[in-house]
Amino acid sequence: MAFDALARDLLAEACRIIAHAGLAEDVLGHVSMRTDGGVAIRCRGLQESGLLFTEPEDIHEVVAQRPLEGGYQAPNELPIHEQVFAARPDVQAVVHAHAPAVIAADLAGVDLLPAVGAYNIPAMRMAADGIPTYPRSLLINTTELGQEVAASLGAAPALVLRGHGIVTVGATVEQAVVRALNIEILARMLVSAHGLGTVSHQVTEADMAMMPDLGLTFNDGYVMNYHRARLRHAGLAVR
């Protein structure tokens, strides 16, 4: 993908959406996209104020051996993005966020099962296919650790990082972001339900088969438009 002003705006907006939805409490987390020359990603500058207030100027293309301008630094966990892109040619965007409900569910042993159906069909399908877990709770700041994360992710759309957060991927930035939002929604529901008792229900295969794939426009486009509207309502739109 070309790295241009539209890419900067899209990634800045994605970071704000992730934060506004509660998946990033302050300065931690990042969204990236594959570019023709490297990785475009949210970087930290001298006036760092957190993901919720990401500006297009905070988005930079990171290319090997080329320093960033304006005092910006690539995130320490850039290897997550680099190694996932290296391992998954189908992936064009990566989200890393510290999704609190997902972390809580994993630490409490609450499996992300397909316990909901029409409530959130994409989340149900991801859960039915299985969401893998990376068992280490450390900073992914080396090539080797990035490779471990990419291997744990495999061909899945999402990965839980134990005691840390999540990684989601997509063919577009919108898809990677919405997958992150949906996993957090599923985890939040399961954590809440487990507070009332043990959850044993799972959607049957027959019922899953009856639910339609509503397509990228509905599943990703409309959801992103909703979150863009939320940003505008809160006075946080990028432009």
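Helices α1 and α8 are roughly perpendicular to each other. In this predicted model, the two helices pack at an angle of about 80°, and their axes lie 10 Å apart. That angle falls within the range of 65 to 115 degrees that counts as roughly perpendicular. On the α1 side, the contact is made by Leu10, Glu13, Arg16, Ile17 and His20, and α8 contributes Met224, His227, Arg228, Arg230 and Leu231. Divided by class, the residues of the contact of α1 with α8 comprise four nonpolar, two polar and four charged.

The crossing in which α2 passes α5 is right-handed. Here Pro79, Gln83, Val84 and Ala87 of α2 meet Thr143, Gly146, Gln147, Ala150 and Leu153 of α5. The contact of α2 with α5 contains five nonpolar and four polar residues, and no charged residues.

Helix α2 also holds Glu82. With a relative accessibility of 32%, Glu82 counts as partly exposed. Glu82 and Met33 are 49 residues apart along the chain, and their C-alpha atoms are separated by 9.9 Å.

In soluble globular proteins, nonpolar side chains tend to be buried together. In the present model, the largest nonpolar core has 49 residues, and those with the most contacts inside this core are Ile18, Leu112, Val173 and Val177. Two or more residues are given to this core by each of the helices α1 (5-20), α3 (100-107), α4 (121-129), α6 (173-194) and α8 (215-233), and by the strands β1 (30-34), β4 (93-97) and β6 (158-161). The greatest contribution to this core is that of α6, with ten residues.

When residues up to four places away in sequence are not counted, Ile18 touches Leu23, Ala24, Val31, Val95, Ala97, Val177 and Ala180.

Terms used:
Residues are numbered from 1 along each chain as its sequence is written. This is a predicted model: local features need pLDDT of at least 70, side-chain atom pairs count only at pLDDT 80 or more; totals for chains, interfaces and linings use all residues. Side-chain values use heavy atoms; hydrogens and water are left out. A crossing is left-handed if the near helix is turned anticlockwise from the far one by less than a right angle, and right-handed if clockwise. Helices (H or I, at least four residues) and strands (E, at least two) are DSSP runs, numbered from the N terminus. Contact means heavy atoms within 4.5 Å. Ala, Val, Leu, Ile, Met, Phe, Trp, Tyr, Cys and Pro count as nonpolar, Asp, Glu, Lys and Arg as charged, and the others, Gly among them, as polar. A nonpolar core is a set of buried Ala, Val, Leu, Ile, Met, Phe, Trp, Tyr and Cys residues joined through side-chain atoms within 4.5 Å. Buried means under 20% relative accessible area, exposed over 50%, partly exposed in between (1.4 Å probe, protein chains only). Axes are lines fitted to C-alpha atoms, for helices over the stretch in contact, and angles run from 0 to 180 degrees between N-to-C directions. Angles under 35 degrees count as roughly parallel, over 145 as roughly antiparallel, 65 to 115 as roughly perpendicular and the rest as oblique.
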